[in-house]
Amino acid sequence: MYRKTALYIDIDDTIIAQILPGAGRELRPCVITHLTVLGQLYDCCWLTSWPYSPADAPASGMCVQTLIRSVYGQRINDTFRAADWDRDHPDGKAGFVLRPDQPENWYWLEDPIPRGEQDALKAAGKLDQYIPVDPQGAWGFLDAVNELFLRTGIARAAFDQIGARPEWFDRSAL
């Protein structure tokens, strides 16, 4: 049976970022389209400090599911899962992706990680499965997604199979 490659995705400084110098933080351009397509091509998992569901949310009610639903991303909520990672683990989020119960075949899109997490990935021979996302500007997430496509061999045929278009991932078309 075919098993999709696992894809771990952060939120802050990854899909939400300071796009214009000195401005506030907001969703990156076309991120809902990008996440929707990623959810069809990969086994996507939120790897973030954000609480996942309203039941886990603070008094403000903000959580991953509420955020995504509020930007018309219900399909994303239906296809993504959430990592239950140990925030006190000495290797941080890297400790989660390296757990023995996690898939062997995975990639991780995240803003620059601390040296200790890089060292843990390197020691496990998995540093090349982490794809850094520039935490500022409009295109950091898109650039990382395009790198992911290169590393995993996603080509035109994969887009055609799911009804997506490669130009949705082309800066010049956006």
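The largest nonpolar core of this predicted model comprises 34 residues, of which Ile9, Leu35, Leu38, Trp46 and Phe141 touch the most other members. Two or more residues each are contributed to this core by strands S1 (6-9), S4 (43-46) and S6 (106-110), and by helices H1 (31-41), H2 (64-70), H6 (140-152) and H7 (156-162). Another core, of 15 residues, lies apart from the largest one; among its members are Ala6, Leu47, Trp85 and Leu121.

The surroundings of Leu38 were examined with residues up to four places away in sequence left out of the count.

Seven aromatic pairs are present in the structure. In one of them, the ring centres of Trp46 and Phe80 are 4.9 Å apart and the ring planes are at 40°; the pair is therefore classed as tilted. This pair links distant parts of the chain, since Trp46 belongs to strand S4 whereas Phe80 lies in the loop between helix H3 (74-79) and strand S5 (81-82), with 34 residues of separation. Both partners fall under the 20% limit for burial: Trp46 counts as buried because its relative accessibility is 2%, and Phe80 counts as buried because its value is 4%. Elsewhere, ring pairs join Tyr8, Phe96 and Trp106 into a cluster.

At the level of the whole chain, the secondary structure consists of seven helices and seven strands. Their order along the sequence is β-β-β-α-β-α-α-β-α-β-α-β-α-α. The radius of gyration is 16 Å, close to the 16 Å given by the globule rule for 174 residues, so the chain is as compact as a globular protein of that length. The C-alpha trace spans about 40 × 40 × 35 Å along its principal axes.

Of the 174 residues in the chain, 45% are buried. The accessible surface amounts to about 9000 Å², and carbon and sulfur atoms account for 51% of this area. For contacts between residues at least 6 apart in sequence, 61% join residues at least 24 apart. The pair of Trp46 and Phe80, with partners 34 residues apart, provides an example of a link between distant parts of the chain.

Terms used. Residues are numbered from 1 along each chain as its sequence is written. This is a predicted model: local features need pLDDT of at least 70, side-chain atom pairs count only at pLDDT 80 or more; totals for chains, interfaces and linings use all residues. Side-chain values use heavy atoms; hydrogens and water are left out. A nonpolar core is a set of buried Ala, Val, Leu, Ile, Met, Phe, Trp, Tyr and Cys residues joined through side-chain atoms within 4.5 Å. Buried means under 20% relative accessible area, exposed over 50%, partly exposed in between (1.4 Å probe, protein chains only). Helices (H or I, at least four residues) and strands (E, at least two) are DSSP runs, numbered from the N terminus. Contact means heavy atoms within 4.5 Å. Rings of Phe, Tyr and Trp (its six-membered ring) pair if their centres lie within 6.5 Å; planes under 30 degrees apart count as stacked, over 60 as edge-to-face and the rest as tilted. The radius of gyration is taken over C-alpha atoms; the globule rule is 2.2 Å times the number of residues to the power 0.38. Accessible areas come from the Shrake-Rupley method with a 1.4 Å probe; for residues, only the protein chains shown count as cover.
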